[in-house]
Each structure stands twice: as structure tokens, then as C-alpha cells.
Amino acid sequence: MEKYSMLYPRSTATRRVLDLNGMWKFRLDKKGEGDAENWKDGIPNADWIPVPASFNDFYTDKESREFTGDFWYETQVYVPSEWKGRHLDVRFAAVTHRAVVYINGVAITSHEGGFLPFCARMDDVVKWDAPNRIVVKGNNELSFTSLPAGITVDLGDGRKMTKPFFDFFNYAGIQRPVKLMASPMEQIVDVTLNHRLEGADAFVEYSVETTGDHETVLFLYDEDGNLAAESRGKEGVLTVSNARLWEVRNAYLYHLVIRILDGDRVVDEYFDDIGIRTFCVDGNRFLLNGHPVYLKGFGKHEDSDIVGRGFNIGVVKRDFELMKWIGANSFRTSHYPYSEEVYQMADREGFLVIDEVAAVGFFESLVNFVDAVSGKATTFFSRPTLPQLKANHLAALEELITRDKNHACVIAWSLFNEPDTMHENAYPYFKDIFARARELDVQKRPCTFAMELNSSPEKCHCYQLSDFLCFNRYYGWYLLGGYEMVNAEAAFRKELDAWLEKGVTCPFVFTEYGCDHLAGEHKLPSVQWSVEYEQEYLDLYHRVFDSYDCIKGEQIWNFADFQTVEGIMRVNGNKKGVFTRQRQPKETAYILKKRWEHLPVDYKG
């Protein structure tokens, strides 16, 4: 199959984009009969459901919310004959966790992985000047080979149930936008950028992939529309004199236009907004454009009322406004790649992003937040299914870096979240994943993974592969919580000292810390879940952060309350949010705002 482009859909002089979002036909395949009854030719007795969105929270019955198995979507699109002579692609920004796409009854493509885009090319099946039926068979089952990982079990009445090895709800569906794209037969497929700074000038090294041999030209414009640089050829350098650099919370974006020319005729055209910047690890510091930066911000989730993990541009806007209000400058896309529009917003607003592949749940536990501090070992990387998991992981990693490599906001790749690293058999797997990430990214961004407490300095076999260490730590909550918090700080410092004693010299970032807090819950003296307890907890962490020079980032867990599986340890979801699920501040927000607004961007630089 011809490689599909990961470029974001844009209408240009040569391209057309049609929005297919809206109400689609929908049906849960509760009896597993969709294939046998040829639902690919039309779904019988279908409901209607919004796209994009998770399907789970629309319904009032528990069976629909918790449904595990195949689910089907259907819509129709009218394709005008004036688009003849172009490639036609139906682009899905994400279908969770896997999909088969049928167009006019023909299986066009399938895709594994629920958080990255894929295309279904309909050139050979299109009906011109007529409706075309698009049917998607999705599936949300979890396994030891899925990203994220978990298991799927059968209940007594024949229904299936997912049991995730991760602590967030397994939302599913067509969760991100769907577009129909018409593009030239000879087209721009990909562009790769790298940045080099010399004095006041910048050099944007580029490589453009096309499907033909006509001349490629590039134009770079500043924010006022003035031509800043131009070049010819599929590979080359755009030289920008007196360049305006992309800075933290002070973004400057140039407008890049790429054209394929046949004489004076424009064969294809694509554009993007890019920030010019460099980022690297230098000793125990992060350097952006050669200057130290300290990360302040959040682990987040794509999670909101009603639409679940579905893309909601209004929620995206509100989240960025709250992050600006509180004084944050960064976040991690825990625990999967986010919708592309989030990165576009981060580019515009000057936020630093640790971009995470959906390799979460690589620790066999249904209560990972408890087992992660217990010393439990699962030998996850000894399973016979490991080759298939690795293939899926590598494919997702390539899609992620191909999609996000040109975003100025993306400063690092996170390749796992809380995996089991306590057995030596994890190392070969990790080594290959890290090597592939470094091979794929021409900007050579630092690579890392987020470690839970079981990945201790005494037991972790994989930390040395990371360019900086990311710690998810809950001293004072899951470990030594309540009245035992008097011992938590000493245990916390003991671990940090042990890492330093091993000779680790890279930056440390706390990618998770925090405690559950019910909004408005007060208790004097403090108890867990109260405002007062969280204040004491944060005071402990801030003392520790401020007393170690190697700590160069704090990203609290979590930005907002989010949905999890039901259980006696969760009160209708995880309540560690600094903001409520409805995006209103808890008392914690004011504590962090006071701190973060007074921490300079080059703190401890």
C-alpha cells in the first residue's frame, strides 16, 4: 500500500479538505454479528452519535458505557466530479484502539493504535457525483500487545470487560476529527526540519519528500508577511538573518510555504507555521536556544465531561488559559499522543511539551498505583507476546515522531510510562525502542521514560538509556501517607541521594506527584483528601525540589480530575486534579500559582 502522509490536513491552492465531523450512524456489536451480517454495507437498526467523541458517556445504561468489543460507525459523503484526477483520502485523526475502514463495501485499510492518524485512500472505489458510504469497525479491547496494555475478560453472561493496567478510563470511539482530503497525484508527502543557530542568524535545514520529480521551492515568511528566506530543491537550508526565536511563553512563528512547480504551474502546495529553536540537555540543565529553562506544569489527560477523550476545541482553549493563569510553562502528554490541535496551540502559546507514546500499562497490575510502591515485580518483558507488542510499539513510535517532529513545542520524547524495569530482560526491549527514537528524530531531542517507585536506583535496569530522568513519586500519599508523612521526606531524600551516588548527572524531572483532594474538603488537623493535607504534602515536595540542583522540572499530577474505572480507591475518578473536571480551580491551584509565578524560567540554571 502506498505510504500515506502524516501532514496535517490543510486547504491550499492545490488541496481541498472536507470536514466529515457530525452525527454518524452507530451501533455496538453486542452479539459479534457485524461481520457475518455485512454491516460494512450499512449498519441496520443504527443509533446516531457525534463524531468526534468517545461513545461511552452519552448513554445512561452501564452496558453501553462499559462496552468492550467491536463497534461500528457509518456516514456518507458526496464526492464532486471536479475532484477527478486527485488522490482522495479519508483521514482519521484517531480511532481507539483499532479500526477497519470500508468504503462502498470494500475494506480499504486497517490501523492498530488509538491515538495517531491514518488514511483510507478511496481512489479505486469512489463514486463520482454520488454518495459514498464510509463504515468503520472499531475495537477497544486491551491485551498484552496493545498500547496501552491490559487484558480483556469474559463475564458470566457472555459480555466482555476490559481490565486496564493503567489508571484512566478506557474511552473509545472515533475520538478525533475525520476529514476527506483531495490532493494532487504528485504531492508533498512529508517535510522534516532541523534548526541551527549561529549568532543572530538561524539555519533551518529541511528535507521534503514528494511523489514526483518536479522542482520543489520553499518560502519562509515572518509574522508580518515579509519574506525571510527561500530555497530550491528537496533538501537544503533556509537562512534566516536576525531570526526571531521561539521562546518559552513567548512564541514566534514563521509561515513556511512549500510548492512543487512545473514551470509556472503550481503542482502542489502545502504550508505550516514553525518556530525556530534548539533544545538540548547540557549536564544537569535543559537549554532552550542555549539558555537554561526550568519546567513548571502538569501531567494531563484528554478527558472532559460527556465527550470523554473526544476532541473538544473549547476544552483545549480553556486548558491553555488556565495553564497561563497559573504560571505553568510545560506539560507531558500523559499517557498517549494528544490531538494535533493541542500541539498547534502549544506552538502558538510557547509551552514546552514532553510528547509521550501510548506505552502505558507495561506493568502487569490492575491496581498499578498501589503495586507501583509495593516492590511487586511482574516480568512483563518475558511474555511470549513480546515480539508483537514491540512491533506495535515501534509502529506507534514512528507515527508519533513523523507526525510531531516539526513542532517547536515538542522538546522530548517519552517512550514509556511506569514500565516494569526490575528484571534484566527489560533492557534489550528498551534499548531497541530508544535507539529507534533517536534514529527517527533528526533534531535529536532527548529521550526519556517516566519511572514509578519500583524503578528504584537499586532495581532499575533501564534508567541509563534516558537523557534525563522522569520520576512519578507519591511519598506521602500511596507510600508513608497520613500521619506517616513525617517519614516521607526522609525516604524521598534517601532515594534522590541514592540516584546521585550512582553517578547520575542528568536533569531530574518530577513528571508525577500529588494527592487526591476533594474540592472544598477541609479538616483541621489535616487528614488525607483534605485541602490542609495537600498543602502539607506540597510544602514537603517544594522543599525537596528546591534543595536539589539536579531537579529541573515539576509537573504535578494532574491538571484536572479525570475518569477512571470504578473502584473503592477512586471516588468517581481520580481526584488529583489541580482543577476540577469542569476546569474550575481547587485551592491547590492558588498554592501553585503563588509558587510558579515567582520561579524564573531559568531557575537553578
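Residues are numbered from 1 along each chain as its sequence is written, and side-chain values use heavy atoms, with hydrogens and water left out. Because the model is predicted, local features need pLDDT of at least 70 and side-chain atom pairs count only at pLDDT 80 or more, while totals for chains, interfaces and linings use all residues.

**Exercise 1. Is helix H9 mostly covered or mostly open, and what do its buried residues pack against?**

Step 1. Helices (H or I, at least four residues) and strands (E, at least two) are DSSP runs, numbered from the N terminus. Buried means under 20% relative accessible area, exposed means over 50%, and partly exposed lies in between (1.4 Å probe, protein chains only).

Step 2. Apply them to H9. The helix spans residues 587-596, and seven of its ten residues are buried. H9 is therefore mostly covered.

Step 3. Name the residues. They are Thr 588, Ala 589, Ile 591, Leu 592, Lys 593, Arg 595 and Trp 596.

Step 4. Find the partners. Contact means heavy atoms within 4.5 Å. The buried residues of H9 pack against strand E25 (295-299), helix H2 (313-326), helix H8 (531-546) and strand E32 (551-557).

**Exercise 2. Classify the ring pair of Tyr 463 and Trp 499.**

Step 1. State the rule. Rings of Phe, Tyr and Trp (its six-membered ring) pair if their centres lie within 6.5 Å; planes under 30 degrees apart count as stacked, over 60 as edge-to-face and the rest as tilted. The whole structure holds 56 aromatic pairs.

Step 2. Read the geometry. The centres of Tyr 463 and Trp 499 are 5.1 Å apart and the planes stand at 75°, so this pair is edge-to-face.

Step 3. Place the residues. Tyr 463 lies in the loop between strand E29 (447-451) and strand E30 (469-472), and Trp 499 in helix H7 (residues 485-501), so the pair ties together parts 36 residues apart in sequence. Both Tyr 463 and Trp 499 are buried.

Step 4. Widen the view. The two belong to one aromatic cluster, whose members also include Phe 492, Phe 508, Tyr 537 and Phe 545.

**Exercise 3. Trace the partners of Arg 383.**

Step 1. Start with the ring. A charge sits over a ring if NZ of Lys or CZ of Arg is within 6 Å of the ring centre and within 35 degrees of the ring normal. The charged end of Arg 383 sits over the ring of Phe 144, 3.5 Å from its centre.

Step 2. Turn to the salt bridge. The term means a side-chain nitrogen of Lys or Arg within 4 Å of a carboxyl oxygen of Asp or Glu. Arg 383 meets Glu 364 this way (3.5 Å, N to O).

Step 3. Locate the pair. Glu 364 is in the loop between strand E27 (352-356) and helix H4 (368-371), and Arg 383 in the loop between H4 and helix H5 (386-404), 19 residues apart.

Step 4. Check accessibility. Glu 364 is partly exposed at 28%, and Arg 383 is partly exposed at 30%.

**Exercise 4. Which residue forms a salt bridge with Glu 597, and is each partner buried or partly exposed?**

Step 1. The partner is Lys 593, with the closest N and O atoms 2.5 Å apart.

Step 2. Glu 597 has a relative accessible area of 44%, so Glu 597 is partly exposed. Lys 593 has 17%, so Lys 593 is buried.

**Exercise 5. Which residues touch the most other members of the largest nonpolar core?**

Step 1. Such a core is a set of buried Ala, Val, Leu, Ile, Met, Phe, Trp, Tyr and Cys residues joined through side-chain atoms within 4.5 Å.

Step 2. The largest has 117 residues; Phe 298, Phe 362, Phe 416, Phe 430 and Tyr 537 touch the most other members. H8 gives the most to this core, with seven residues.

Step 3. Apart from it lies another core of 36 residues, among them Phe 67, Cys 119, Met 122 and Val 126.
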